[in-house]
Amino acid sequence: MIRRCLVTFKPFRIFVVGIGFFSLCFLMTSLGGQFSAKRLGDSPFTIRTEVLGVESRGVLRKISDMLEVILKRMDSLSKLDNTSNSEARRLDELSSAINRFQPAGLVEKIQAIAQNVSNMAIRVEQILQSSMAQGRGQDGTSNQCEVPRDPRFSECPGKVDWMRARWTSDPCYAFYGVDGSDCSFLIYLSEVEWFCPPLAWRNQSSRPTQPALREKAPTRQAAFRTDLSVLLDQIGAGKESLSFMKRRIRRLAQQWATAANRLDAKLEQRWRDQKKILVHVGFLTEESGDVFSPKVLKGGPLGEMVQWADILTALHVLGHNLKISMSVKELQGFLGVPPGRGSCPLTGPLPFDLIYTDYHGLQQMKQHMGLSLKKHKCHIRVIDTFGTEPAYNHEEYAMLHGYRTNWGYWNLNARQYMTMFPHTPDNSFMGFVSEELNETEKRSIQQNKVNNMAVVYGKEASMWKLQGKEGFLQILHTYMEVHGTVYYETQRPPEVPPFVKNHGLLPQHELQQLLRKAKLFIGFGFPYEGPAPLEAIANGCIFLQPKFSPPHSSLNHEFFRGKPTSREVSSQHPYADQYIGRPYVMTVDYNNSLEFDSAIREIMSTKVEPYLPYEYTCEGMLERVHSYIQHQDFCAPESPFIPANFSRQRSDGGSWVTSPLFVPLPNSTALGWATNVTAPSAWPPLSSLRLLVSLEGQSCVEACHSAGFICEPAHFRFINTKEALHGLKVQCEVVDSEINHILPAFSVLRRECGLQREPLLFSCAGHSLKYRRICPCRDFLHGQVALCKYCL
């Protein structure tokens, strides 16, 4: 194979003909590998080997790295106008040395070649440094690019050394003008990053302003929207997943419009800041593998697409400035990241107030934003179906205490994770919507219900492989006609019993008609926590589900293993069991035939109306998302809470007296914030606080729920104090401040009390058999567990 290569130097040219171009053509011929070489301006120099031993490949990789450095150095030399005749002669010698490589017997001499290449790299570096030193002397810029020793920029020398060794590791450095010279390193480290002081001879007016010093753009008012055509255009096309989401948005368009008008009236047209929001749906990108789109029409999971469609619609209807990304290329374009591998920061301000993504998208942002992700992560909201608990979210703590998983460990505020159901109070509850029926539709459903008709929850044949299903299905068949909606292409799935009337995979409107006729919607235990049971209950069905004993969790069940939560799931759909309950939901032991038989007979004799919790209506979701956007701010630094600043009150006589911050509430064992003490600004407001103590081994999630409240992690910082312990009459001989996700808590036996030292580890979910937790509970609106009574 013959290749002609041209390397240009000023004021002369070197031609390398045939197999001599840095020995690449020769190596390719002699070793049977395939190599590709491109000019520096095209891409970093690469070598690709097809047929080489492991040891040879390792050596060739080293040769490749050295050749890349040589090529870049020679390119730098080509930019110098003052190359002397002696240096030109030295470069001629270098070229001759390069061309002397011959293909005979080189498999055995690879190590010798590597040494020659290393010597060449040293010679090129010497020539480059000599030429640049002469250049600085001639143009009067001598000493302008010496590495400063400024105590205010103590990391500068180390960063320059790193750049000297590694600037070719990412093309983004060349994008910002780095060319291998110390001047370019200092310009980059003072103007793109801020590790070195500004260079006096540079034009400072062109230097980017640090983000903290930029003026904030004036806010605009958000106005409710009822026209969804712009949103539908933004979502795009080309995937069945996107088509599914657009069909859903169109079907619910009128309900969203009605909900927008209701919420607008409820808010009395108060000012709402319009936010610039990026939505990056990571799991649907090609880079993440996108296993969902091909399965949309084959019975695959739709829950994530249902939720994302509703999130996009809610943000659009609320009137925010929305950008939608469904690929890494779009993500890079919207964020304005430099090309490369993510080593360089964004030089401009983050162009968005909020970024909604998922774990796949978060990983892609880390890869392409590099250092900037840490600076801007307070703007991110992660859509997370099953939740992320604080112990898994804190990277160092998770590593030390066995909570490290493939997910989690992002060191976010736990409320930045947003779940499908309100099962993890440490996170924020995002949710989705189900179609709401009007009164006429509800009456029609009740009149046309078939009392002995059941529909099985399970679109994939694999869901019917449950061991022991024959027993309870036979009991069900004794009383009811059993219908299925299992996907198949040509033949009926053998997993589905012959007595089941299988309709195949149904479009949404046909499935809805089937549910409106059926009396029972029955689950087999999987999938967990999907939207279908809520849709069935909204269409007048009773949902029957299995009880799990022991509860399923990451400790005993493969599905939850690796997920960043220790939550125990006691049934297929805990939300339906806990927040809806009888008569709409029945949870029984499917292995107990008498209990199952009794449940079926009870269901047949029970009449229910279609029911949908308010938080899963369009209005409920708009209300919740509006509140998060307007009130949750994880970027503003929280001022330290100093109890003494609030407990000291001036008496009528003018003297200072100390008042308790927490006082008993009427008809309750919980404490509340004292009404005569000015409360610090907070959301949710401290008027919602209900302070209580858990039992040993009980989490704050359970303690608050048993008292009729919900745990509120935003209030932890106000009760992580000795004043709270005193108000609860906790006896402490020792009060320590430690890093542990069960704190604040105390041991009754040892009379030891512990306060939390790491705010990221405030956890509603934490529990210990040896400790009782100090729990910040709050009240909540009926049908809207995410919001307190005065949160809206």
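This is a predicted model: local features need pLDDT of at least 70, side-chain atom pairs count only at pLDDT 80 or more; totals for chains, interfaces and linings use all residues.
Two strands pair if DSSP finds at least two bridges between them.

**The chain as a whole**

The secondary structure of the protein chain comes to 27 helices and 27 strands. Of its 792 residues, 53% are buried. When contacts between residues at least 6 apart in sequence are considered, 70% of them join residues at least 24 apart.

**Strand β15 and its partners**

Strand β15 covers residues 542-552 and pairs with β14 in the parallel sense. Two further partners are β17, which also runs parallel to β15, and β16, which runs antiparallel to β15. Which residue of β17 is the bridge partner of Leu544? The partner of Leu544 is Met586.

| Partner of β15 | Direction | Bridges | Example of bridge partners |
|---|---|---|---|
| β14 (residues 520-523) | parallel | 3 bridges | Leu520 and Ile542 |
| β17 (residues 585-588) | parallel | 4 bridges | Leu544 and Met586 |
| β16 (residues 569-571) | antiparallel | 2 bridges | Lys547 and Ser571 |

Helix α19 spans residues 508-517, and its buried residues are Leu511, Gln512, Leu514, Leu515 and Arg516.

**An open sheet of six strands**

Another part of the chain holds an open sheet of 6 strands with parallel pairing, in the order β6-β5-β7-β8-β9-β10. Strands β6 (321-325) and β10 (428-429) stand at the edges; each has a single partner strand, so one side of each is left without a neighbour in the sheet. For β10, the pairing with β9 (residues 417-419) is parallel and consists of 2 bridges. Within this pairing, Met418 has Ser428 of β10 as its bridge partner.

Helix α11, residues 303-317, packs on the sheet. The strands touched by α11 are β5 (276-280), β6, β7 (354-357), β8 (380-383) and β9. The direction of α11 makes about 170 degrees with that of β5.

**Two packed helices**

Two packed helices are described by the angle between their axes and the distance between the axes. Helix α12 (residues 328-335) and helix α13 (residues 359-369) pack at an angle of about 55 degrees, and their axes are 11 Å apart. The two helices are therefore oblique to each other. The crossing of α12 past α13 is right-handed. On the side of α12, the contact is made by Val328, Leu331, Gln332 and Leu335; on the side of α13, by Gln364, Met365, His368 and Met369. These contact residues comprise 5 nonpolar, 3 polar and no charged residues.

**Arg225 in a loop**

Where does Arg225 lie? Arg225 is placed in the loop between strand β3 (220-221) and helix α8 (229-235). Is Arg225 buried or partly exposed, and what is its relative accessible area? Its relative accessible area is 26%, so Arg225 is partly exposed. Residues up to four places away in sequence are left out of its contacts; those counted are Ala260, Gln274, His316, Val317, Gly319 and His320. Arg225 and Leu315 are 90 residues apart in sequence, while their C-alpha atoms are 9.7 Å apart in space.

Notes: Residues are numbered from 1 along each chain as its sequence is written. Side-chain values use heavy atoms; hydrogens and water are left out. Axes are lines fitted to C-alpha atoms, for helices over the stretch in contact, and angles run from 0 to 180 degrees between N-to-C directions. Angles under 35 degrees count as roughly parallel, over 145 as roughly antiparallel, 65 to 115 as roughly perpendicular and the rest as oblique. A crossing is left-handed if the near helix is turned anticlockwise from the far one by less than a right angle, and right-handed if clockwise. Contact means heavy atoms within 4.5 Å. Ala, Val, Leu, Ile, Met, Phe, Trp, Tyr, Cys and Pro count as nonpolar, Asp, Glu, Lys and Arg as charged, and the others, Gly among them, as polar. Buried means under 20% relative accessible area, exposed over 50%, partly exposed in between (1.4 Å probe, protein chains only).
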